[in-house]
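Please open the model in your viewer and keep the selection panel at hand.

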Amino acid sequence: MEKIKGVINAIEEIDYSLAKKTQRRLDNLTKPQGSLGRLEELAKQIVAITRNENPQFKNKVIFTMAADHGVVEEKISAFPQEVTAQMVYNFLKGGAAINVLARHVGAKVIVVDMGVKERLKVKSERLKVKKIGLGTKNMAKGPAMSKEEAIRSIGAGIEVFEEEFKKGIDIVGIGDMGIGNTTSSSAIVASITGRPVEEVAGRGTGIDDKTLSHKIGVIKRALNINRPVSNDPIDVLSKVGGFEIGGLCGIVLASASKSVPVIIDGFICGAAALMAYSLEPKVKDYMIASHCSAEPGHKAVLKYIGLRPILDLGLRLGEGTGAALAMGIVEASIKILTQMATFKDASVSERIRG
Ligand SMILES: Cc1cc2ncn([C@H]3O[C@H](COP(=O)(O)O)[C@@H](O)[C@H]3O)c2cc1C
Ligand SMILES: O=C(O)c1cccnc1
């Protein structure tokens, strides 16, 4: 817990005065004021987070964290549990959607085994093994993990970030992999936001109506049996969470503590972001919501934290795919700021006054 507290204490407010100064600079560029809309907001946010008036993204990193979930016993997913490990191999070979989209924006993918059930038979500099356990326990029967494991999973996320930070990170994206993790995320979101389970549970990998109503029942059972304390994110994580969700929460906290912007992917990463926000509300300003997932509970997450997603593409995959796409847009925003000519430089006439 000391490590988590240390990181939280190191999180400072972003520099709002630099955001104002950046708006004046944007207003001198060869375009009508405000005409680049959200790109202008993003550029200001990046400057205020990094305290660098000429930011550049040399090192773009996406952390895709994987773990298994005991609740799959309850048959709440359309896919079998072994897909988690199979997809980790796919990530390491470069064939998954996240690999394609990360390459598209020039980002590196770091895959983290936070608790995949299988002991992975591969070594790669792109794979970090931080196994907290061989999957969580079935939350519909009791706590998914111990308090100590919950704390260790957040700590492992912090460690992963700090190890990579030494090599250089200018912007982070987060992503998830874990069959059953929309069930766990729904329980976290219902618990922290107080929304009804029916409103935050969705079809995940594509379950039918009958399985969806069964999934809702399983989540309710897990909440009834475990009674997570809604304003204690570590208690919520231990009772209904997942190892990758704890790890992702650690990445969010660690990024903020080092003044690095962090792009949040969809619903599962949203649940992790919600936990980080409950631990320390200052992290909100370091977060960028990449997209609005088709998973219905994602809206509740965004509303609760107060984040406005950049994209709305009907994505419902996870892995960090939305984060990768948004990274390209965020990078475009800082290129606008640092590469466009001013009215004066380009001898373009300014707006008629009066
Ligand atoms: C082939 C495949 C690749 C994926 N990549 C991400 N997910 C996504 O789907 C899973 C969550 O949905 P549920 O809770 O319904 O199991 C997670 O692993 C998530 O990352 C995938 C799912 C599958 C099947
Ligand atoms: O929004 C997500 O991250 C998501 C939605 C469905 C399945 N997996 C991930």
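The domain bounds used here come from an automatic or database domain assignment. This is a predicted model, in which local features need pLDDT of at least 70 and side-chain atom pairs count only at pLDDT 80 or more, while totals for chains, interfaces and linings use all residues. Residues are numbered from 1 along each chain as its sequence is written, and chains are lettered from A and ligands numbered from 1 in the order in which they are written.

Begin by selecting residues 2–55 together with 337–346, which form domain 1, and colour residues 60–331 separately as domain 2. Their C-alpha centres are 28 Å apart. Domain 1 contributes 14 residues to the contact and domain 2 contributes 18; two residues are in contact if their C-beta atoms, placed from the backbone, lie within 7 Å.

Next, select helix 1 (2–9) and helix 3 (37–50), each of which provides at least two residues of the side of domain 1 that touches domain 2. Helices (H or I, at least four residues) and strands (E, at least two) are DSSP runs, numbered from the N terminus. Helix 3 gives the largest share of that side, five residues. Colouring this side by class shows nine nonpolar, one polar and four charged residues. Ala, Val, Leu, Ile, Met, Phe, Trp, Tyr, Cys and Pro count as nonpolar, Asp, Glu, Lys and Arg as charged, and the others, Gly among them, as polar.

Now centre the view on ligand 1. Which of the 18 residues around ligand 1 come nearest? They are Ser77, Thr182, Gly204, Thr205 and Gly318; a residue is near a molecule if its C-beta atom, placed from the backbone, lies within 6 Å of it. Finally, select helix 7 (181–193), which supplies at least two residues of this shell, as do helix 4 (83–93) and strand 4 (171–177). The largest share, three residues, belongs to helix 7. By class, the shell comprises seven nonpolar, nine polar and two charged residues.
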